[in-house]
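Welcome! Here are some exercises to work through with the model open beside you. Try each task before you read its solution.

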Amino acid sequence: MEDAHLSQMLPVHPPRNYPRELEQWIELDDGTRVFVRPMIPDDVTRIAHAFEVADIETIRRRFFTGAPPTDRTHLEYLANVDYEHRLALLAMDEQGDSVGVGRYEDIGDGVAEVAIVVEPSWRRLGVGSMLLRLLEEPARTQGFTELLALYLPSNRAVEDLLLQLGYTDRTFEDDVVALRKPLP
C-alpha cells in the first residue's frame with residue numbers, strides 16, 4: 001500500500017499503556033515476514049490513506065457500505081484504542097507498509113467483536129488468520145469469554161477463514177452473518 005512514511009514502524013513515544021509485548025515478527029507459510037504491532041494514534045494517517053486507496057469491494061465487506069467513515073472524528077476513533085476494551089493490531093511488510101489490520105472491540109457481556117481487513121495483494125497468504133489468532137490471547141487476558149465476527153453473506157472467504165479458526169454458531173440477521181468463538 002506504500003504508506004510506511006505515514007507513521008513509525010516502531011513507535012518511539014507510544015501511549016502510556018501501549019502493550020509492547022504484542023510487537024513481533026511473524027513468518028507466514030510462504031516464508032514472507034510481517035511485523036505486527038498494536039495501533040497507535042499516529043496511525044490515523046495510515047487509516048485515512050487506506051480509505052483513499054481501497055477498492056469499493058474491500059470497503060463494502062469491512063463496513064457493510066460503499067462509503068467508509070472518513071470524517072476526522074471516526075478516523076481518530078479507529079486509531080485511538082485503549083488496548084483493553086479496544087485493540088487493533090497493524091501488520092506491515094518488511095518495508096513498513098501496511099498489509100492488514102485486525103481489531104476487537106468490547107460489545108458487552110464478555111463478548112468482543114472482531115474484524116479484519118487485508119490488503120488485496122496480501123490475501124490468502126495467512127495474514128487474516130494470523131491477525132485473528134493474535135487477537136485471542138489479549139482478548140482472553142482482558143476477560144473476554146467470546147469473540148463475535150460479523151460479515152456479509154457474500155464474503156465466503158471470510159466465512160471459510162472463520163470456520164477454519166473454530167468459529168461456530170452461525171446466525172443470520174439484518175442481512176449480516178454472525179459466527180462466534182468461545183475463549184476458554
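**Exercise 1. A residue before the sheet**

Which residues does Asp3 touch, not counting residues up to four places away in sequence? Then decide whether Asp3 is buried or exposed.

*Solution.* Keep in mind that this is a predicted model.
- Step 1: find Asp3 in the segment before strand S1 (24-27).
- Step 2: list its contacts, leaving out residues up to four places away in sequence; they are Arg46, His49, Gly96, Asp97 and Ser98.
- Step 3: compare its accessibility with the cut-off. Buried means under 20% relative accessible area, and Asp3 has 0%, so Asp3 counts as buried.

**Exercise 2. Pairs of strands**

*Solution.* A reminder first: strands of a sheet pair through backbone hydrogen bonds, either parallel or antiparallel.
- Step 1: S1 and S2 are antiparallel, with four bridges.
- Step 2: As for cover, five of the six residues of S2 are buried.
- Step 3: strand S4 (residues 98-108) runs antiparallel to S5, with eight bridges joining them.

**Exercise 3. A loop residue**

Where is Glu94 found, and what does Glu94 touch, not counting residues up to four places away in sequence?

*Solution.* 
- Step 1: go to the loop between S3 and S4, where Glu94 is found.
- Step 2: judge its exposure. Buried stops under 20% and exposed starts over 50%, so Glu94, with a relative accessible area of 47%, is partly exposed.
- Step 3: setting aside residues up to four places away in sequence, Glu94 touches Met9, Trp25 and Arg33.

**Exercise 4. The largest pocket**

Describe the space in the largest pocket and the residues that line this pocket.

*Solution.* 
- Step 1: the space in the largest pocket is about 710 Å³.
- Step 2: its lining has 30 residues, with Ile116, Asn155, Ala157, Val158 and Leu161 nearest the centre.
- Step 3: sort the lining by class, which gives 18 nonpolar, six polar and six charged residues.
- Step 4: see which elements supply at least two lining residues each: helix H2 (56-63), strand S5 (111-118), helix H4 (127-141), strand S6 (146-151) and helix H5 (156-164).

**Exercise 5. Positive phi**

Find where Asp169 and Asp174 lie, and give the phi of each.

*Solution.* 
- Step 1: Asp169 lies in strand S7 and has a positive phi of about 60°, although it is not a glycine.
- Step 2: Asp174 lies in the loop between S7 and S8, with a positive phi of about 55°.
- Step 3: Asp174 has 67% relative accessibility, so Asp174 counts as exposed.

Notes
Residues numbered from 1 in each chain as written. Predicted model: local features only at pLDDT ≥ 70, side-chain atom pairs only at ≥ 80, totals over all residues. Heavy atoms only, no water. Buried < 20%, exposed > 50% of the residue type's maximum accessible area, 1.4 Å probe, protein only. Contact = heavy atoms within 4.5 Å. 1 Å grid on protein atoms, 1.4 Å probe; cavity = no way out; pocket = protein on both sides within 12 Å on 5 of 7 lines; lining within 4 Å. Points joined across faces, edges and corners; volume = space filled by probe spheres on them. Nonpolar A, V, L, I, M, F, W, Y, C, P; charged D, E, K, R; others polar. Pairing = 2+ DSSP bridges.
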